[in-house]
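I opened the model to look up a few items and wrote down each one as I went. The entries below follow that order.

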Amino acid sequence: MEKDQETSLKYLFFTFLKIGAISWGGFMALISVVQKQLVEKDKKVADEVILDSISLASVLPGPVAFNVVAYLGFHLRGIKGALVSMVAILLPAFSLILGLTYIYSIYEEVPAFTNFFLGVLPAVAAIIISVALNMARKNMKDLLQLVILILSGLALIFFRSFYTTVLIMAGGAILGLLFYGKGAEEKAEPELVQKTSKQNIRLFLPVVIVLLVLVGLVWGFPLLFHEEATFTQVLLLRDIAMTFSGMSLTLFGGGYVIIPAIHEIVVEGLNWVTAKEFTDAIAMGQITPGPIFISATFIGYKVANFWGALVATIAIFFPPAILMIFCSGFMDQIKQSRIISAIFKGLRPAVIGMIFSAAYTIGKGMEMHWATWLIFIGVLFLSIKLKVNVAYLIPLSGLMGILLFSLF
């Protein structure tokens, strides 16, 4: 993989910083902005590179758009380019969510602030449903996929567990391989395999070193502190790092799929936040630019203030991005794999079913009021029929919440 030596780290930083500040409306909106900037305007990469990055990100865990950015940064300037691009794309969303969380910790009981989120939550639920419906229309090809979709959604509704999510993904992959993998024999070319292996050894040794250093810091850093209070705080940060990094590496399908799994762990398992705080965190992730995974910043802040927010953010985004960079060397083989294609025919409906269940998880935290249903139905109509951008729907719903819940 050749690197564009004319692409400076400064260019990558400020380009992705700008993109991160204006990319409202979900991961495809962000990727569209990236394509217009890097392909059409600056001509730094070809369309094929963007498509390859999306294909690879779609079969790996973690936030798709963020992984695409990591791939492009690595393609242009190697490990340094990937790290600079990842930091730049996150800075706007991290800063905004941090500021909102601080305000939330002070004003969460103020009626206007509370009513804003009463309007946002039904809008979020409606948007999740519209996303799931749109994905179902594009990806549902037969009855088996519909059955997988329904079963995966019901499984997460009635058996809400991180392990249930893992089992659903494994089951979808197995069913896809069994029913769609007939005759999908691999025809790997020896020269391609040999070339890929040499690239991996040369290019990804730095990735392994970075990963080992991070693991060493996570486990060894607390040993530097001898005061009991400080030691306990650092252990808490380590727990945050291990929890969010573990989730980020085992959750497929984008940000909406993480909602039920993260709810089970941080609300019902660890009791780090309340159910209301969790739904508010998801809402904040929707009203800020960038991926919904940025909700981890809110949760980390509630647990351990600024350092908790920083650790949670790094843990939820960086491990899958490192995996993305590592696997980019296998792109040629992945694109030719009919077995992987069969597996994902079973995975896609499972993911869509989990997205539907995410709407149910959010819906449970809504205020049962006529204004709630008005906003929900209105946003659902505007999103599905009129294709109104989510960047407008979320703030408008919040303002409607302030108006309707304050006056009525």
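The model is a predicted one: local features need pLDDT of at least 70, side-chain atom pairs count only at pLDDT 80 or more, and totals for chains, interfaces and linings use all residues. Residues are numbered from 1 along each chain as its sequence is written, and side-chain values use heavy atoms, with hydrogens and water left out.

Helices (H or I, at least four residues) and strands (E, at least two) are DSSP runs, numbered from the N terminus. Leu 154 counts as partly exposed because its relative accessibility is 40%. The classes are buried under 20% relative accessible area, exposed over 50%, and partly exposed in between, with a 1.4 Å probe and protein chains only.

Entry 2, salt bridges. I counted two salt bridges in the structure. The criterion is a side-chain nitrogen of Lys or Arg within 4 Å of a carboxyl oxygen of Asp or Glu.

One joins the side chains of Asp 280 and Lys 276, at 3.0 Å from N to O. Both residues belong to helix 12 and are four residues apart, about one turn of the helix. Asp 280 has a relative accessible area of 3%, so I noted Asp 280 as buried. Lys 276, at 41%, is partly exposed.

Glu 277 and Lys 302 form a salt bridge through their side chains, at 3.4 Å from N to O. This pair links distant parts of the chain, with Glu 277 in helix 12 and Lys 302 in helix 13, 25 residues apart. Glu 277 is buried, at 14% relative accessibility, while Lys 302 is partly exposed, at 26%.

I checked Asn 271 and found phi near 55°, a positive value in a residue other than glycine. Asn 271 is in the loop between helix 11 (255-269) and helix 12 (275-287). Its relative accessible area is 58%, so Asn 271 is exposed.

Asn 305 also has phi near 55°, positive in a residue other than glycine. Where does Asn 305 lie? I found Asn 305 in helix 13, residues 295-327. Asn 305 counts as exposed, at 51% relative accessibility.

I took axes as lines fitted to C-alpha atoms, for helices over the stretch in contact, with angles from 0 to 180 degrees between N-to-C directions. Helix 4 (residues 64-107) packs with helix 13 at about 160°, with the axes 10 Å apart. The two, helix 4 and helix 13, are therefore roughly antiparallel. Angles under 35 degrees count as roughly parallel, over 145 as roughly antiparallel, 65 to 115 as roughly perpendicular, and the rest as oblique. Helix 4 passes helix 13 in a right-handed crossing.

Helix 3 (residues 47-58) packs with helix 4 at about 130°, and the axes are 9 Å apart. Helix 3 is therefore oblique to helix 4. I logged the crossing of helix 3 and helix 4 as right-handed. A crossing is left-handed if the near helix is turned anticlockwise from the far one by less than a right angle, and right-handed if clockwise.
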